[in-house]
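Subject: Structure for you to look through

Hello,

Please find the structure below, followed by notes on what was found in it.

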Amino acid sequence: MKTSVEILKKYFGYDNFREGQKNVIDTILSNNDTLGVMPTGAGKSICYQVPALMLDGVTLVISPLISLMKDQIESLVLAGIDAVYVHSGMTASEYKKTASQIAKNNCKIIYVAPERLDKESFINLFKQVDIDMVTIDEAHCVSQWGQDFRPSYLKIKDFIDCLPKRPIVSAFTATATSKVRDDIVSILELKNPYVCVTGFDRKNLFFEVRKPSDKIKELMKILSERRDQSGIIYCSTRKSVEEVCDFLIDYGYKATRYHAGLSDKERSVNQDDFSFDKKPVMVATNAFGMGIDKSNVNYVIHYNMPKNLESYYQEAGRAGRDGSTADCILLYGARDVQMNKFLIEKSHSENNELKWEQRDELIKKDLQLLKEMTFYASTTECLRGYILKYFGEQKDLFCGNCGNCNTTFEEVNISIDSQKIISCVYRINKLGWPYGKNMIADVLKGSNNEKIKNAKFDKLSTYGIMKDVPKRRIIDIIDYLCQDGFLELTDDKYPVVNLNDKSYEIIKGHESIIIKMPKHVEPEIKKDKSTKKTDASKSIPVSDRLFELLRQERRKLADEARVPAFIVFSDATLKDMCRKMPVSRDELLEVSGVGAQKLERYGDAFIEVISGFVKDKKQ
Ligand code: ADP
Ligand code: ZN
């Protein structure tokens, strides 16, 4: 019998297991229940697909989304594995065909949607086959503490109970909180499970937060440096998805959109356009979520800040799944906080199943999570370190590969500026009622706008006393003062700034405040730095020309097979081909991601492209 590494190589074309994979597989093969907690992109599928190929019987994988199953099945079938899926969208004849295939014991891995599990016919079908393992993918859906609770996941345990023999149960999730983990173990009744939690660090991802005064301009700048790449832009509302997407299309980008306001059909067409790289840029709300299995996403930009760090890390984690370096950039604006507060309250108050106290409790919990997300957006610490700490990995880090580690901060004494700001708040509030940060900054800058004149703020002694300081910087200082409790920002829809006891300490000059702010660097130097950004795959030269030729070949083969391009080979595999330039089948097998079946099917086509390229170069 083949070993697990041999199976990995033969079917998936990889030489080594990643962190955690081997332990999980060994545990399953020794007949034990398992819970794998691994971040998105860590490679959870291999953890159950490899043992599934080694167990005598069948493995049933319960997975929440049809799109997710579809991609998985296509990949497995291309790798030469007998796999099928069963879901509620099938026609009667499709179901009949698949059921007979299953009954004849012709399938090794069966994917199924949880909604199916209590159907009599379905249960009877599965009583006929020998199920060795039931795997629950996205297992956090069983928990009300998870982000995507699905009542149908509660049926899983009863389904397992009615099988003639209790199978091995393995469950997988990317959600790390202990509440969710405990729920999975108890609700699914995992028996003495081995719990494997792998590091949450995604080393190939570069994290950055930008605070542009004009988000759309900043976005255009980011995209213009990534013209031929594929990426996702997340916005918080349908309206901004529409606006941003239209804007990009106007500027000649092949962009498409995804949000809950579109018809099922349009969503599915748009998702396919993105998966198949016909439109490599996707602008979406968080409805574009689970099931996005595209491996060559080079960047994820958040046009708006999400409501918590779990969502952020999960969405950002859709970049670089094939292990190539990728960028995760958050565009932060103070309005994002207001918008999120609004969305949090709206979502809970529209839920009629909740009692008032429950609603208040949930809102409070969400606002706390929002605060921690906001701290991420404003921290000067290493961003990766901040994320890992949040997910319970105690790490004080200087990763050298995030926006903050790569920015030079300077210590700035803001005591005098703070006094000016606080005096201004004091005078504005004395004239009537409090105002928001924007107005305060405008008064300090000495802006000429109508509102200021009407309110007679131009007569205040603090009017224009910071006219030489950029408005952005004034707002940054106000943000800092609010965060550290020297000013109070109300929780209203339009938050206003108030004074507190600590504010007076500053006016009296009793406090000296020194903070870290990004050092002003000349634009040329900045540009240099961004291109210097560490990029492991770029450190080994990859021929752009060959990569392009291989991509074209992949496109052709994918179109013929009617599957997304990355299912033929991932970008990481094509890049490895560029480095190794294999011109024989044996050499091609050395490339990461080339297994026996794909070698058989596509090997010669790629060898031909590479040989042609090598010959051309010699001439
Ligand atoms: P997850 O479900 O944890 O988000 P996937 O199972 O989709 O992640 O795997 C992410 C990517 O990593 C896929 O392209 C997969 O083929 C690749 N991968 C998984 N395991 C390995 C490995 N041992 N070596 C190289 N690549 C791997
Ligand atoms: Zn860092």
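In strand 13, Asp327 has Tyr299 standing opposite. The model is predicted, so local features need pLDDT of at least 70 and side-chain atom pairs count only at pLDDT 80 or more, while totals for chains, interfaces and linings use all residues. Residues are numbered from 1 along each chain as its sequence is written, chains are lettered from A and ligands numbered from 1 in the order in which they are written, and side-chain values use heavy atoms, with hydrogens and water left out.

Helices (H or I, at least four residues) and strands (E, at least two) are DSSP runs, numbered from the N terminus. Two strands pair if DSSP finds at least two bridges between them.

Is strand 13 covered or open? Strand 13 (residues 326-331) is mostly covered, with 6 of its 6 residues buried. Buried means under 20% relative accessible area, exposed means over 50%, and partly exposed lies in between (1.4 Å probe, protein chains only). In a regular strand the side chains alternate between the two faces of the sheet. Here Ala326, Cys328 and Leu330 point one way, Asp327, Ile329 and Leu331 point the other way, and all are buried.

Strand 12, helix 12 (residues 309-316) and strand 13 together make a right-handed β-α-β unit. Right-handed means that, with the strands pointing away from the viewer, the path from the first strand over the helix to the second runs clockwise.

Salt bridges

A salt bridge is a side-chain nitrogen of Lys or Arg within 4 Å of a carboxyl oxygen of Asp or Glu. By this rule the count is 37. Side chains of opposite charge can pair when their charged atoms come close. Some examples follow.

- Lys9 and Asp15 form a salt bridge, with their closest N and O atoms 3.1 Å apart. Lys9 is partly exposed at 21% relative accessible area, and Asp15 is partly exposed at 38%.
- Glu243 and Lys239 meet in a salt bridge at 3.7 Å, N to O. Both lie in helix 10 (residues 238-250), 4 residues apart, which is about one turn of the helix. Glu243 is partly exposed at 46%, whereas Lys239 is exposed at 61%.
- Arg551 and Glu548 meet in a salt bridge at 3.6 Å, N to O. They are separated by about one helical turn because they are 3 residues apart in helix 23 (residues 544-561). Arg551 is partly exposed at 26%, and Glu548 is partly exposed at 32%.
- Lys157, Asp158, Asp161 and Glu189 are linked in a network of salt bridges.

Domains

The domain assignment of the protein gives domain 1 (4-197), domain 2 (205-407), domain 3 (412-518) and domain 4 (544-618). Such bounds come from an automatic or database domain assignment. Taken over C-alpha atoms, the centres of domain 3 and domain 4 are 59 Å apart.

Regards
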